[in-house]
Amino acid sequence: MDEIQCPFCGTGSCDPYAIHLHIEECHSENASPIKQHGQLAKISKPNSVVDGEGSSRTGNQWAICTRSGCGEYIMLQHMDEHLDVHAALTASEFEAHSFENTEPNSHFDKSTHTNVPFENSGRDQPVSGLASTNRGPSKRTLHLLDYFTGKSVHQRPDSAHYREQMDPGRLGKRELGPHAFEKKMPGDVRERLLDGALPREVNSIGRNHMLIRETIVENETAHVIPVLARLCAADKTNRATYFCHPSVKHIRKIYCDGNFCGYWSIQMLLTFLRSIGSLPHMRQLPNVLQMQDTIEQAWNNNICSYSKTETGGICGTRKWIGTAEAVAYLAQLGIPYHAMGFKNEDEDLAVTALFDYVEAFYLSGIETAKTRGTSHTTELAPIYLQRRGHSMVIIGLERKKNGSRNLMIFDSSFATSSSIKKLINGQPIRASPEALLKTYRRPETSLMRWEEFEVLMPQICGYS
Ligand SMILES: [Zn+2]
Ligand SMILES: [Zn+2]
Ligand SMILES: [Zn+2]
């Protein structure tokens, strides 16, 4: 292999990993002048070294979000989407704050819960506009399982491009993130993962203003879905909103130098599985390092074992994981699952197929749903959603009267706002539902840029 040089100081090595380490040790954080001045992002160059081709790969430029407390690695061309959610969060906090200051006695419940019409009262009638979408998976819906078992001719998303340069079968930064070639994560990151989300006991004020002792985990928020269901029901432009099981907790990333969104997304699925009793032996959520062990155990048991070659092993690293690793994880726990992929094909957009599928899925749970106005909270599973560079969890779908749709999303990149936390605790706040919901909504139009999605959901008997 040719010698590669550090773009900052010219130090050379034949080992890409050595150069990567060198850059992280000698030139990261304080090295970039952009970070010093820029409000938002610093351009992170190491990838151009490891890929060996530099600036021609503009589609593979990383940025680190420098919003206070965030630090997420994001592909440069996706930064706008990420910042939009930050903006929505800030706006909802700001709005709630100014309302509180001016109208201390106003209460969210009073202002938004009156006069919510229930238009779609006929449960037997299909929601208009959906008839054409109940057709089940279309031909363009490729079954990931075929791929996982080696029967599919389809490539793992976006992998073809980079394979040529790597060891055969080894994925690169595009799929595995900025630390694709890491052998071991830094010690402080490891420590954060170990102790950043330990349960602890606190005294807090409960719903009825009583002092209660409860166990909390810093990065988990329970009871968000019932609040969102109320907010959606208060939105008069909604025709119907379907939610998954209300027990699903929001998990936010642990703040450290690494994304780990695949793990946080799996953890959100676990909160559902634990609440319905599918994981009786799991006393608390596993941490990322434990989850990595479980995934590698699955590989050793021949479940998705090709991932071992593709990733070069994940234990103790910050390599990104995807649907295949999430599948391996669930399979190793003995949880039945269903995984699918959606791809742009001719005129048909992946995003439309995805939305159709999700809408039909949650509509299938409406018989046993708890209905409040236009909001239907089902007992169905949340859905792991993977697109290139990031994973999230679908907790529902919102259909507007004008026919447009939003996915309702739990994104581990963003913390639950203090406004939502107040609503959970029954405290007064009067931000507009619009501002509060924006963080959780992903409009169909905004997701059109993605050519491919993968979904994974636990398939629990009697549930889905
Ligand atoms: Zn250097
Ligand atoms: Zn950010
Ligand atoms: Zn991510």
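A cavity is a set of grid points where a 1.4 Å probe fits but cannot get out, whereas a pocket is an open set. The model examined here is predicted.

**Exercise 1.** State how much space lies in the largest cavity, and identify its lining.

Solution. Step 1: the structure holds 4 cavities of 30 Å³ or more. Step 2: the largest cavity contains about 180 Å³ of space. Step 3: its lining is made up of 19 residues, and Glu72, Glu81, His82, Arg387 and His390 are the ones nearest the centre. Step 4: two or more lining residues come from each of β5 (73-75), α4 (79-102) and β16. Step 5: sorted by class, the lining of the largest cavity comprises 7 nonpolar, 6 polar and 6 charged residues.

**Exercise 2.** Describe the second largest cavity by its volume and by the classes of its lining residues.

Solution. Step 1: the volume of the second largest cavity is about 80 Å³. Step 2: 13 residues line this cavity, with His250, Phe414, Ala415, Thr439 and Tyr440 closest to its centre. Step 3: the lining of the second largest cavity divides into 7 nonpolar, 4 polar and 2 charged residues.

**Exercise 3.** Determine which element gives the largest share of the lining of the largest pocket.

Solution. Step 1: the largest pocket holds about 1000 Å³ of space. Step 2: of its 38 lining residues, Thr215, Ile216, Val217, Glu220 and Ala222 lie nearest the centre. Step 3: the elements that supply at least two lining residues each include β7 (200-205), β8 (211-216), α11 (261-275) and α12 (288-300). Step 4: the largest share, 4 residues, is that of β8. Step 5: the classes in the lining of the largest pocket are 16 nonpolar, 13 polar and 9 charged residues.

**Exercise 4.** Explain why α11 is described as largely enclosed by the rest of the structure.

Solution. Step 1: α11 has 15 residues and spans 21 Å from first to last C-alpha, close to the 21 Å expected. Step 2: buried means under 20% relative accessible area. Step 3: 13 of the 15 residues of α11 are buried, so the helix is largely enclosed by the rest of the structure. Step 4: after α11 comes Gly277, with a positive phi near 85°.

Notes: Residues are numbered from 1 along each chain as its sequence is written. Chains are lettered from A and ligands numbered from 1 in the order in which they are written. This is a predicted model: local features need pLDDT of at least 70, side-chain atom pairs count only at pLDDT 80 or more; totals for chains, interfaces and linings use all residues. Side-chain values use heavy atoms; hydrogens and water are left out. On a 1 Å grid over the protein atoms alone, a cavity is a set of points where a 1.4 Å probe fits but cannot get out, and a pocket is an open set with protein on both sides within 12 Å along at least five of seven lines; lining residues have an atom within 4 Å of a point. Grid points are joined across faces, edges and corners, and a volume is the space filled by probe spheres set on the points. Ala, Val, Leu, Ile, Met, Phe, Trp, Tyr, Cys and Pro count as nonpolar, Asp, Glu, Lys and Arg as charged, and the others, Gly among them, as polar. The expected span of a helix is 1.5 Å times one less than its number of residues. Buried means under 20% relative accessible area, exposed over 50%, partly exposed in between (1.4 Å probe, protein chains only).
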